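Me: I would like to go through some of the labels used for this model. Please set each value against its definition.

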Amino acid sequence: MKNFHRAPIRRARPLLGTLVDIAAVAEENAVRAAFAAVEEVQRLMSYHDPLSEVSRLNREAHRASVEVSAWTGEVLALAQRLASESDGAFDITVAPQLAAMGYLPRTPANRRGERLASWRDLALLPGNRVFFKRPLHLDLGGIAKGFAVDRAVDALLAAGAESGCVNAGGDLRVFGDAPQTIHLRHPAHPGAMARSLALRGAAVATSSDYFSRKRWRGDTVCALIDGRTRHPADVRRSASVIAPTAALADALTKIVLFAPPPVSNELLARHKAACVLLDEAGGILRAA
């Protein structure tokens, strides 16, 4: 029988380049298991860690196929599916552009011609093997954080948690019987809240340029790259997506920002998701 008087616990750790916050009606061992799942995603998929599977792919997969873990294979498969469905608006091969602007570190392995590569040059083979048809660099920063949130929720549920919320820098997922109030940042003033929504048994993620906007070579840029044009965006708005999983919500925010509304609306419906697009004044540009 559930103990409905169990007090919630809340813990936070710096992971995934942000602060991962877990609040749950659960035992401590459940929260420890959730953090362990997030740490495993970081170990496998970090662009910055030379020992990660992503780093190994970036070094070796253009010469011969490389076997990856089931989790990395799952993220790559979802990323490729969304890239195909959005005609490349979401693309995990934009790392060279991000490195050129200083958002990712340049590495000795950065090779000439990588900026010409796209998601179409990434081959997923049987047995969780990955091959690059040409030299390229992957960055899973636009989807792995959401995936880590999902794995943390799985760990909490498996350990008997009754309800809770896992928040990784704004990519979050809630579970349990009661809805939870989630606040959306103001696009022009990220320290203020623009909107709120009630979330129950679902995930939400937001993409905007408010924390990464800077001047680069005379232009205003940010860390959001349109995979079709390979150019940084000065979006001046935010896209929040509510979806069944945080990985889906995380990736779909970029599609909402970059793909034409008929395309993004169709994908939202296909993946049982919804979006709220806010303008620079915090007004609703679009809700779908």
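Reply: Helices (H or I, at least four residues) and strands (E, at least two) are DSSP runs, numbered from the N terminus. Just after helix α5, G160 has a positive phi of about 95 degrees. The model is predicted: local features need pLDDT of at least 70, side-chain atom pairs count only at pLDDT 80 or more, and totals for chains, interfaces and linings use all residues. Residues are numbered from 1 along each chain as its sequence is written, and side-chain values use heavy atoms, leaving out hydrogens and water.

Me: Why is R230 called buried?

Reply: Buried means under 20% relative accessible area, exposed over 50%, and partly exposed in between (1.4 Å probe, protein chains only). R230 has a relative accessible area of 15%, so R230 is buried.

Me: What makes the phi of N128 worth a remark?

Reply: Most residues other than glycine have a negative phi. N128 is not a glycine, yet its phi is positive, about 55 degrees. R230 is also a residue other than glycine, with a positive phi near 65 degrees.

Me: What makes α5 mostly covered?

Reply: Eleven of the 15 residues of α5 are buried, among them F147, V149 and L156.

Me: Which elements do the buried residues of α5 pack against?

Reply: With contact meaning heavy atoms within 4.5 Å, they pack against β2 (18-25), α1, α3, β6 (163-168), β7 (171-175) and α6 (246-258).
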